[in-house]
Every structure is written in structure tokens, then in C-alpha cells.
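Colleague: I have a model open and a few things to check. Can we go through them one by one?
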Amino acid sequence: MKILGVELLEVRMPLRDPFETSVGTCTERRIILVRVEGDEGGEGWGECVAWELPSYSSETVDTAWAILQELILPAVVGREILDPREILKPVQWIRGHSMAKAAFEMAAWDLQAKEQGVSLRELLGGSDEPLSVGVSVGLQRDLDTLMRRIEEHLKEGYARIKLKIKRGQDVELLRAVRDRFPELTLQADANAAYTLDDAELLQELDDFDLVLLEQPLGEQELLDHAELQAGLRTPICLDESIRSAADARLALELGACRIVNIKPGRVGGLSESRAIHDLCQERGVPVWCGGMLESGIGRAHNLALATLPGFTLPGDLSESRRYWERDVVHPEFELMDGKMVPPEGLGIGVEPDRDRIRQLTLRRFSVGTATPS
Ligand code: OSB
Ligand code: MG
């Protein structure tokens, strides 16, 4: 497969409801879409998960745009790629910037699958079983609103609920939810809001039978996570701390977590995601697929990845309408009998909605493309 051209499109997508976490509130996403053209007339699509501000990780939409435009595109256009695992070879010298790299890498995987006449799920080696999925619920104005939201999501068919927590909205909030929903499959995500000084408070969460506690401490604090985990029954799951398979190996060796959240956009793409999956599977460590409030393009990639056998916990793979008034793909993602069905079409298996994308586009840049989208 040869990459003849690449186009970057930045789209602006207002969320249906603001999404609040311990690091801030998001009301709309600025999303970089990457479209690659191959030498057999096909195209592949990817999405960059970087946010406008460096509050989840150090990358932003603008750093990712610059790295893609100035360094990645010039290095990959005109290159022959024989194996999807080699996609990032020409840009391996770039330190960090995993989100920028992943956006291109995932587009190239989509193209590769289409050129081989298979779905991305098949190319990755996943199963075609429908998946149980979960929904991530942001911090709400008050407890009543939160309870109503949870009820709605359960009616919609989600298999588990993840609640965002932060200092001051943690123990009592989870206690109230657990009292109200004794059978609920429940987990909590702190987005690094705490320090080891909060260990006693975090131990109180052991009473609520959580599936896991996601990223309680800082991104860099693997040793502190290990110390916290040693005194906690609830399994710790790392998100922000795991930026590569090497990070995952270190975290597991240290006992810093017992579960791993894999987001291909965060770890540099699908190849690295599969490496983390394989490592965790060898060690009997469950993994699940996280989300970054992606459009349907990123969602399709995440869903394909989540069909691998080690993804034994429900992912943050919600329906398009949980996020958007209208998504940028056809068909939109929907639960079928409470499950997400991996698309069977070629590549990511959903069609980018070009009219919708055009309406939402703020800026574009391309190198070597024949057909502007
Ligand atoms: O920490 O998992 C997270 C969204 C944006 C940034 C970080 C996170 C999240 C979510 C939402 O929890 C997951 C989703 O539904 O996409
Ligand atoms: Mg998280």
C-alpha cells in the first residue's frame, strides 16, 4: 500500500450536554480528522483525540495539528507501507505526540483493511460477537439529576455506568448511587484528582463494590498508585498513566494497577493498543476500551479494537446520540438489544458523512491529495 496523499480537517462538534470532569467542563469538541488516499483509489479515515487544552494530557488540538502538518504528513506521503505495524516507522524519531501519530496510524489501518477487502475488526483479529458497553457520566449539577441520568442510561440498555468523581464529590456521591442502585455495575474515574494523602478517603470507596477505580492519582505517580493499590480492595485501573506498552509493563510490574484502560488515540495507535492488549492477556490482566468523546470515526476504530478477546470489561463505547445531535458517520452508532454490533463493512465499516463534515470544518490542510473531500 502506498500513501499518495493525506488531508487534515478540523471539525467543531457541539456536545448535546456539557461533559464535566475533575479537570473541567467540555461543551464542544474540536476534532482533527485525517483522511489518507492510497494508490489503489481507496481512502482511510482516522481521528485525533487531543483536546483543545492540555488538561487530560500534554497534547492539544493545535500541537497535534502542527506535528501532523509539519512533520508527519511530509514524512509519510509517497511512502510504501507493507505491514500496518510499520505505519509509524518514518516518524518514530519524533518523541511523544502519540495522539498526533495515532490519528494518522489509524487512518492508514482503515485504508489497509479496505485494500485487503476486510473489516478493520478482521484485520486486527477480533471476533464478530456483539459487545456489552458502558457509558461515562460526567459530574452533574445535583444528585437528583445524576440519578435521573443513570436511570435513563440503564433504560437505554448500557451494561455498566462509570461516574466521574472529584474532591468533594466522591464518597457520599457513590454511597448515594450504590444505595439507590444496589445491583448496578458501577465504576468511578477521578482523572488524577487525588494524591496519596487521600489514601484513607479512597479506601472508603471499597464499601461500594466498584468494578474499578480509574486513575485516582497523577499521570506520573506509578509508585504512589502501587502503594495505594496495596491498601485497596477495589482494583485500580490506569488511563492517563499508560501511554505505551512499556508504561503498561512497568505499571504491572510495580503493582500500580490490576486493570488497564486502552485508548488507541492515547497510546499512539492500534498497533501499540494491540501490544498492550497482548501483554495484559499474557498476564491475565483485564483490559477495556476507553473513549475521549470521539466522533463516529474514532468510535468505529475503538469498537474494532474492543473485539479482541482480552477486552473483557465493557468499554466507554456509547451510542452516537449520547454525544451528538448528529454524528459525522452513516450509519450512526446505536445499541441493538443492549449491545454494540461491530460493523461488517470494509475498514471501519461506517461511511463519513461528507456534507456534515464540510458544514463543521474550521480548517483544512492537505499534501498530495487528488480528491478534496
Ligand atoms: O478519562 O476516560 C476519561 C472523556 C474525555 C477525556 C477523558 C475521559 C473521558 C471519558 C468519556 O470518560 C468516555 C467516552 O464516552 O468517550
Ligand atoms: Mg479516564
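Colleague: How many disulfides does the count come to?

Modeller: Zero disulfides, taking a disulfide as a pair of cysteine sulfur atoms within 2.5 Å. This is a predicted model, where local features need pLDDT of at least 70 and side-chain atom pairs count only at pLDDT 80 or more, while totals for chains, interfaces and linings use all residues. Residues are numbered from 1 along each chain as its sequence is written, chains are lettered from A and ligands numbered from 1 in the order in which they are written, and side-chain values use heavy atoms, with hydrogens and water left out.

Colleague: Is Cys48 buried or exposed? And Cys257, buried or exposed?

Modeller: Cys48 is buried at 1% relative accessible area, and Cys257 is buried at 5%. Buried means under 20% relative accessible area, exposed over 50%, and partly exposed in between (1.4 Å probe, protein chains only).

Colleague: Moving to the whole chain, how many helices and strands?

Modeller: The protein chain has 13 helices and 15 strands, as DSSP runs numbered from the N terminus (helices H or I, at least four residues; strands E, at least two). Its radius of gyration is 20 Å, close to the 21 Å from the globule rule for 373 residues, so the chain is as compact as a globular protein of that length. That radius is taken over C-alpha atoms, and the rule is 2.2 Å times the number of residues to the power 0.38.

Colleague: What share of the residues is buried?

Modeller: Buried residues are 60% of the 373. As for contacts (heavy atoms within 4.5 Å), among those between residues at least 6 apart in sequence, 71% join residues at least 24 apart.

Colleague: Where does Asp197 lie?

Modeller: Asp197 is in the loop between β7 (186–189) and α6 (199–203), and is exposed at 75% relative accessibility.

Colleague: Last one, which helix holds Leu254?

Modeller: Leu254 lies in α8 (residues 245–254) and is partly exposed, at 34% relative accessible area.
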